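Please look over the structure shown here.

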Amino acid sequence: MKNKLTALALPLLLSSGMVAAQNPLFTDVFTADPAALVHKDTVYLYTGHDVAPNNDIFFEMHDWLAFSSTDMVNWKKHGPIMKATDFKWAKGDAWAAHMIERDGTFYFFTTVRHDETKPGFAIGVATSKSPTGPFKDAIGHALVTNDMTTQTPNDWDDIDPAIYIEENGDAYLFFGNLVPKYVKLSDDLLSLDGEIKTIDLPNFTEALWVHKKDEYYYVSYACEFPEKICYSMSKSIHGPWQYKGILNEIAGNSETNHQSIIEFKGKSYFIYHTGAVPPKDGKPSGGRFRRSVAIEPLIYNDDGTLQRIIMTTEGLSKDK
Ligand code: FUB
C-alpha cells in the first residue's frame, strides 16, 4: 500500500514542480566544503568535489563545482568552474573555497597545494565576470603561502579562506587550521593590507565562516576532531569573540563538517556536509573522504544566539 501511494504521489509532486529536496542534496556526485553566495535573486552554491576511489586513505579533490537555486529546493548544476592546477603555481588539491562579489566581479578564494617553490598549502584568488565562471588566476601567484605563518609546524595551516566585507568596504580574509587567523585585504582584494593576526576561538580546527545579523558578528568554525561546528559572537569584526557553544554535532560518518551560513528571501540557512550518500547502482557510498552537501534551516533566538542545528534526511523539503 505504501509503495502504491508513493508511486502515485511522486509523479504528481514532480509535475507540480514541487521537487522534494532531501539531504544529502546531490547523490550522483560527491560535494564537500560548501560556500554559498546570495547574488540578486539567486543562491550560488560552490562545493569541493570528492573523487577518492578509496574511502580510507585521503581526500582526492581536483576541481570545484557550482550549483544555483532561486528557492533552495530546486538546484541547477553548472559543472566544474575551475580546477586547482588552473593556478600555474599549484600542484593540486582543490580544498575549501569561498566566493564573493564586488562591483560586478566574482572573486573565488581557494585552498590549493602550492608547488615546490613554496611547499605546503596556500590560498589563491581567481576572478570572473560571471558567478559560474570560467575563473582565472587573478594575481599570478598565491595570496597566502605556508611560510607566511609560523604558529604551527603543519604545512596545511593556511587553508579554508572565508571573506567578510564590512559596510564601509573594508574586506577581511579569515583562514587557518588549528590556529584561526585573519588579515585585512587591499581594496582590490588581491593583496594583504596589514599583518596576519590570530583569533582566540576554543577548540578550533578549521572552516571559518563569518557573517553578521543585526548588531552581532558571528564566527562559526569546525571544532575538535571529529568535527562539530562551534560559534562565537562579537559586536566587532576584530572581537573580542564570546564563545557560544556547539552549533552542529558530528555529521555522522564524516570527520569533517564544513559549514556555510546565508540569509535568503528572509530565511536563514546552515549548509554543511556529511558522508551520508548510500551505495547505489554500483557506485560507492559516501564517507569521510566522499562527502555530500546538506542544508537545514538556521534559527536565531531573541538574544541573537543560535539554536542547535537538527540534521535531517528530509532537508528543506519538510518546510515547503
Ligand atoms: O576538503 C578538504 C578539507 O577538509 C577542507 O579544506 C577542510 O575544511 C575539511 O572539510
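Which residues touch the most other members of the largest nonpolar core? They are Trp64, Ile81 and Phe108, in a core of 21 residues. Note that this is a predicted model.

**Core**

Six strands each supply at least two residues of this core: S2 (42–50), S3 (61–69), S4 (76–83), S6 (97–102), S7 (105–114) and S8 (120–128). S7 gives the most, with three residues. In soluble globular proteins, nonpolar side chains tend to be buried together.

Take Ile81 as a case. Beyond its neighbours within four places in sequence, Ile81 contacts Tyr46, Trp64, Ala66, Met99, Phe108, Thr132, Pro134 and Phe135. Two of these partners, Trp64 and Phe108, are also named with Ile81 as touching the most other core members.

**Disulfide**

How many disulfides does the model have? The count is one. Cys223 pairs with Cys230, and their sulfur atoms sit 2.1 Å apart. The torsion about the S-S bond of Cys223 and Cys230 is about 70 degrees, so this disulfide is right-handed. Is Cys223 buried or exposed? Cys223 has 0% relative accessibility, so it counts as buried, the cut-off being under 20%. Cys230 also counts as buried, at 0% relative accessibility.

**Ligand site**

Which residues surround the ligand? They are Asp33, Phe59, Met61, Trp95, Ala96, Asp160, Glu206, Thr256, His258, His273 and Arg291.

| Residue | Distance from a polar side-chain atom to a ligand oxygen |
|---|---|
| Asp160 | 2.6 Å |
| Arg291 | 2.8 Å |

On its own, the ligand has 280 Å² of accessible area, and the protein covers 99% of that.

**Thr274**

Where does Thr274 lie? Thr274 is in strand S19, which spans residues 267–274. Its relative accessibility is 9%, so Thr274 counts as buried. The Thr274 side chain reaches the backbone nitrogen of Ala276 at 3.1 Å.

Which residues does Thr274 contact, leaving aside neighbours within four places in sequence? The set is Pro24, Ala251, Ser254, Arg290, Arg291, Ser292 and Ala294. Arg291 links this part of the report to the ligand site: Arg291 is in contact with Thr274, and a polar atom of the Arg291 side chain lies 2.8 Å from a ligand oxygen.

Technical notes
Residues numbered from 1 in each chain as written. Predicted model: local features only at pLDDT ≥ 70, side-chain atom pairs only at ≥ 80, totals over all residues. Heavy atoms only, no water. Core = buried A, V, L, I, M, F, W, Y, C linked by side-chain atoms within 4.5 Å. Buried < 20%, exposed > 50% of the residue type's maximum accessible area, 1.4 Å probe, protein only. Helix = DSSP H or I, 4+ residues; strand = E, 2+ residues; numbered from the N terminus. Contact = heavy atoms within 4.5 Å. Disulfide = S-S within 2.5 Å. Near = heavy atom within 4 Å. Polar contact = N/O pair within 3.5 Å; in protein donor to acceptor, adjacent residues only side chain to side chain. Areas by Shrake-Rupley, 256 points an atom, 1.4 Å probe, with all protein chains shown as cover.
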